[in-house]
Amino acid sequence: MKPVVPLKPEASITLFLELARRFVREHGVIIVPRASTERFMRASDMTPLDLETLILALRPCDCLDGPEPDRDPLRSEHWTVAELRTPWEGRALYLKISVSTRARRCKCLSVKPYETKRSTHGFELL
């Protein structure tokens with residue numbers, strides 16, 4: 001499998017992650033209620049504290065996409081989103097988080113197993 005290459009300059013990824021860590025330390029993480037996230041966290045016994053620990057340990061090389069403005073027009077002005085792949089308990093996880101400097105908060109939009117599928121060019125994210 002090819003190494004993950006960030007699509008944005010490393011400085012913008014680094015800043016995004018610094019803000020995410022700061023806001024998680026200040027206020028914890030907001031877990032957006034989604035069935036797939038809730039199902040995964042329940043099945044793997046992941047706690048909100050585990051999720052916060054994951055976010056605090058993220059590095060720029062974990063970034064798959066972003067950071068970029070939220071695609072929802074109602075949130076795009078104030079929320080920035082990034083998609084990441086990170087290890088947890090011996091497996092790779094897909095993590096989508098969002099930060100807002102206005103709200104000084106970090107949200108987890110999605111956490112689930114990182115899955116790949118075989119293509120003619122190697123592996124790619126589902």
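## The second largest pocket

The second largest pocket has a volume of about 240 Å³. This value comes from a predicted model. Sixteen residues line the pocket, and those nearest its centre are Asp70, Arg71, Val81, Lys96 and Leu109.

Which elements give two or more residues to this lining? They are β2 (63-69), β3 (80-88) and β5 (105-113). β2 gives the largest share, four residues. Sorted by class, the lining of the second largest pocket holds ten charged residues, five nonpolar ones and one polar one.

## The sheet

Now for the strands. Five of them form an open sheet, and their order is β1-β5-β4-β3-β2. The pairing in this sheet is mixed. The edge strands are β1 (29-31) and β2, and each of them pairs on one side only. On average, neighbouring strands of the sheet are turned by 30° against each other, with direction ignored.

Strands of a sheet pair through backbone hydrogen bonds, and the pairing can be parallel or antiparallel. This sheet has a clear example of each sense. β1 and β5 pair in the parallel sense, over three bridges. Here valine 29 stands opposite cysteine 106 in β5. β4 and β5 pair in the antiparallel sense, over eight bridges. Leucine 93 stands opposite proline 113 in β5.

## Two helices against the strands

Helix α1 covers residues 10-27 and packs on the sheet. It touches β1, β2, β3, β4 (91-100) and β5. The direction of helix α1 makes about 80° with that of β4.

Helix α2 covers residues 35-43. It lies across β1, β3, β4 and β5. How does helix α2 run, and at what angle to β5? It runs at about 70° to β5.

## Turns and backbone details

β4 and β5 form a hairpin, with four residues between them. Arginine 104 sits in the turn and has a positive phi of about 55°.

Glutamate 89 also calls for a look. It is found in the loop between β3 and β4. Glutamate 89 has a positive phi of about 50°, although it is not a glycine.

Then there is a peptide bond to check. Is the bond from glycine 66 to proline 67 cis or trans? It is cis, with omega near 0°. Proline 67 is found in strand β2, the strand that gives four residues to the lining of the second largest pocket.

The chain averages a pLDDT of 86, and 85% of the residues score at least 70. Over residues 117-126, the pLDDT is below 50. In the model, this stretch has 16 contacts beyond near neighbours in sequence. Where pLDDT is low, the predicted coordinates should not be read in detail.

Technical notes: Residues are numbered from 1 along each chain as its sequence is written. This is a predicted model: local features need pLDDT of at least 70, side-chain atom pairs count only at pLDDT 80 or more; totals for chains, interfaces and linings use all residues. Side-chain values use heavy atoms; hydrogens and water are left out. pLDDT is the predictor's confidence in each residue, from 0 to 100. Contact means heavy atoms within 4.5 Å. On a 1 Å grid over the protein atoms alone, a cavity is a set of points where a 1.4 Å probe fits but cannot get out, and a pocket is an open set with protein on both sides within 12 Å along at least five of seven lines; lining residues have an atom within 4 Å of a point. Grid points are joined across faces, edges and corners, and a volume is the space filled by probe spheres set on the points. Ala, Val, Leu, Ile, Met, Phe, Trp, Tyr, Cys and Pro count as nonpolar, Asp, Glu, Lys and Arg as charged, and the others, Gly among them, as polar. Two strands pair if DSSP finds at least two bridges between them. Axes are lines fitted to C-alpha atoms, for helices over the stretch in contact, and angles run from 0 to 180 degrees between N-to-C directions.
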